[in-house]
Amino acid sequence: MATILVVDDEKNIRNVVKEYAEFEGYEVFEAEDGMEAVEMCRRQNFDLIVMDIMMPRLDGFSACKEINKIRQTPVIMLSARGEEYDKLFGFEIGAEDYVVKPFSPKELMARIKILLKRNSAQNTPNETRMTFEGLCIDIAGREVYVNGERVSMTPKEYDLLFFLVQNKGIALSREKLLEKVWGFDFFGDDRTVDTHIKMLRNSLGEYRKFIITLRGMGYKFES
């Protein structure tokens, strides 16, 4: 049974999400603010977190960053603000998805199913370990090293890099990357891919050269 942590200072929101999630067969835990969520994640591992942004004590963005230091748990951010800046910032700090309030509980459950299914597939054992000059990529261990130094990246940066490397030399459209890395039913657009490619290149430093931009199409990994 998958475990979900719902973090929101509004009890009604927590109740709605909990009711629908439990109906889908998930085990649900609750936190009233970001501080409580971080403490719970230190004690227990969750399969997915649904996190509001605007909360007392510790907001959702800050809580997400703290949790990423402890565990790589998929996070869906909830917010009453739908500005592009907020969404992109959420992705940059490691959130997997972003849902604007008021939201459809059924749509939220659909997004949760997609993330849990994809995360389960990504955790399947994989013995692949590859080295390109000073860039070492350990897919099984979900670790990346640049010139011997381990690089800390967001969960989605890892997913994107691994998919690019596993399809080395193949031209991949933005649509294909959205489908394979984010999930066929992801509700984002091409800018999501471009933003994460930029983040990934920054993380790889000098080895950003391996990620080639295909003008008008997408990207490919070429060593």
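Which residue in E12 is the bridge partner of isoleucine 212? The points below take up this pairing and its surroundings.

1. Basis of the note. This is a predicted model, in which local features need pLDDT of at least 70 and side-chain atom pairs count only at pLDDT 80 or more, while totals for chains, interfaces and linings use all residues. Residues are numbered from 1 along each chain as its sequence is written, and side-chain values use heavy atoms, with hydrogens and water left out.

2. The sheet. Strands E10, E12 and E11 form an open, antiparallel sheet of three strands in the order E10-E12-E11. Strand E10 (172-173) and strand E11 (211-214) are the edges; each has a single partner strand, so one side of each lacks a neighbour in the sheet. Here strands (E, at least two residues) and helices (H or I, at least four) are DSSP runs, numbered from the N terminus, and two strands pair if DSSP finds at least two bridges between them.

3. The E11-E12 pairing. E11 is joined to strand E12 (residues 218-221) by four bridges, and the two run antiparallel. The partner of isoleucine 212 in E12 is lysine 220. Helix H6 packs on the sheet and touches E10, E11 and E12, its direction making about 70° with that of E12. Contact means heavy atoms within 4.5 Å.

4. Helices H6 and H7. The axes of H6 (residues 155-166) and H7 (residues 174-182) come within 10 Å and cross at roughly 120°. Axes are lines fitted to C-alpha atoms, for helices over the stretch in contact, and angles between N-to-C directions run from 0 to 180 degrees. Lys156, Asp159, Leu160, Phe163 and Leu164 of H6 meet Leu177, Lys180, Val181 and Trp182 of H7.

5. Cysteines. The structure holds zero disulfides, a disulfide being a pair of cysteine sulfur atoms within 2.5 Å. For cysteine 64, the closest cysteine sulfur is that of cysteine 41, at 9.8 Å, which is too far for a bond. Cysteine 64 is buried, with a relative accessible area of 0%, and cysteine 136 is also buried, at 13%. Buried means under 20% relative accessible area, exposed over 50%, and partly exposed in between (1.4 Å probe, protein chains only).

6. Alanine 95. This residue lies in the loop between helix H4 (84-92) and strand E5 (97-100). Alanine 95 counts as buried, at 2% relative accessibility. Beyond its neighbours within four places in sequence, alanine 95 is in contact with Cys64, Val75, Met77 and Gly90. Threonine 73 is 22 residues from alanine 95 in sequence and 9.1 Å away in space, C-alpha to C-alpha.
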